[in-house]
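Reader: Hi, I'm new to this one. Can you put it up and walk me through it?
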Amino acid sequence: MELWILYALGAAVFAALTTILAKIGIKNVDSHLATAIRTMVVLAFAWLMVFIVGSQYDIWYIQGRTWVFLVLSGLATGGSWLCFFRALQLGNVNKVVPIDKSSTILTMLLAFIILSEPMGITTIMGMVLIGVGTWLMLEIKKNKDIDKKPNSQRGWIFFALLAAVFASLVAIFGRIGVAEMDATLWTAIRTVVVVPLSWIMVLITRSQKTIKTVTPKSWLFLILSGVATGASWLFFYHALKIGNAIHVVPIDKLSIVFTMGFARLFLGERFTKQSIIGLALLTIGTLLPVIINT
């Protein structure tokens, strides 16, 4: 097996662990405070990557227009993270993650409308499969406590959808304004924007008052979640350095499969045949355009 494949698989595994560790860490913690805590860890890793690749000097050559889209990208990233972890707090991983991953559909549509990117039959087929797969995985099981609470149920869906919308905007802003920037520097700068945004939300909701109630276990898993995010980025970067992006990215997208597996193993979340079929369709839909066009 080639080394880039191992790196890409490592990126997918750590991306999945990010979600699982965060789910455990935010169990009894305000979601805004949890996001702010882990974002600090992510920030450290993001700048570590910048210095590893030596792109810190490129910051002096960033133009005004690019700074605008960097800030917009950071705000969208912050919005996506805040909504995603709020959704995780309210809902099950095996329901929240598929909606978050369905941001691929909106990204494709926005790229077609705003950027005039071509949309062939293969892309449309992939979007349909992702949509159908996501719908199948949203089957609500009556034996789950959270599913017995209509308000909570609507809540996690709302926040998961918002997370997907913001994630799509991150991709679009990146393609419009920062496409020619080093990816590691772009990520580090937008994370700088996310940190104050997340702490502003903490202050607005006054959840800083609950920081004393955060248990050592929650601190540990939130920090580990941030570390897992950083590790995922490092593996992904190394995979891109020695492999082709068109091959690396699809393997990274397989993080949803690992996430579902970890949710079953560590969180005890169960899957019906319908949700398994949905996962298969979602995965095929994600990989189909790349596989056929390769």
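Author: Let's start with a pair of helices. H1 and H9 cross in a left-handed way. Keep in mind that this is a predicted model.

Reader: Where are those two helices, and at what angle do they pack?
Author: H1 covers residues 3–25, and H9 covers residues 216–242. They pack at an angle of about 160°. Their axes are 7 Å apart.

Reader: What does that angle make them, parallel or antiparallel?
Author: Roughly antiparallel, because the cut-off for that label is an angle over 145 degrees.

Reader: What about H2 and H3, at what angle do they pack?
Author: About 125°, with axes 9 Å apart. H2 is residues 31–53 and H3 is residues 64–90. That angle makes H2 oblique to H3. The crossing of H2 and H3 is right-handed.

Reader: Which residues meet there?
Author: On the H2 side, Ser31, His32, Thr35, Arg38, Thr39 and Val42. On the H3 side, Trp81, Leu82, Phe85, Arg86 and Gln89.

Reader: Let's zoom out. How many helices and strands are in the chain?
Author: Twelve helices and zero strands. Read from the N terminus, the order is α-α-α-α-α-α-α-α-α-α-α-α.

Reader: And how much of the chain is buried?
Author: 50% of the 294 residues count as buried. The accessible surface of the chain is about 14,400 Å². Carbon and sulfur atoms hold 68% of that surface.

Reader: What share of the contacts is between residues 24 or more positions apart?
Author: 88%, among contacts with a separation of 6 or more.

Reader: On to the inside. How many residues does the largest nonpolar core have?
Author: It has 58 residues. Those with the most contacts inside this core are Phe84, Leu88, Val93, Val96, Met181 and Met260.

Reader: Pick Met181. What does Met181 touch?
Author: Ile62, Thr66, Leu70, Trp186 and Ile189. That leaves out residues up to four places away in sequence.

Author: There is also a second, separate core. This one has five residues, including Trp4, Ala8, Ala239 and Val248.

Reader: Now Ser168. Buried or exposed?
Author: Buried, because the relative accessible area of Ser168 is 0%. Ser168 lies in helix H7, residues 150–177.

Reader: Which residues is Ser168 in contact with?
Author: Ser103, Leu106, Thr107 and Leu110. Neighbours within four places in sequence are set aside there.

Reader: Change of topic. Where is Arg206 found?
Author: In the loop between helix H8, residues 183–205, and H9. Arg206 is exposed, since its relative accessible area is 56% and the cut-off is over 50%.

Reader: What is the phi of Arg206?
Author: Near 60°. That is a positive value in a residue other than glycine. Most residues other than glycine have a negative phi.

Reader: Last one, Val132. Which helix is Val132 found in?
Author: Helix H6, residues 121–137. Val132 is partly exposed, with a relative accessible area of 37%.

Reader: How many residues along the chain separate Val132 from Ile277?
Author: They are 145 residues apart along the chain.

Key
Residues numbered from 1 in each chain as written. Predicted model: local features only at pLDDT ≥ 70, side-chain atom pairs only at ≥ 80, totals over all residues. Heavy atoms only, no water. Core = buried A, V, L, I, M, F, W, Y, C linked by side-chain atoms within 4.5 Å. Buried < 20%, exposed > 50% of the residue type's maximum accessible area, 1.4 Å probe, protein only. Contact = heavy atoms within 4.5 Å. Helix = DSSP H or I, 4+ residues; strand = E, 2+ residues; numbered from the N terminus. Areas by Shrake-Rupley, 256 points an atom, 1.4 Å probe, with all protein chains shown as cover. Axes fitted to C-alpha atoms, helices over the stretch in contact; angles between N-to-C directions. Parallel < 35°, antiparallel > 145°, perpendicular 65-115°, else oblique. Left-handed = near helix turned anticlockwise from the far one by under 90°.
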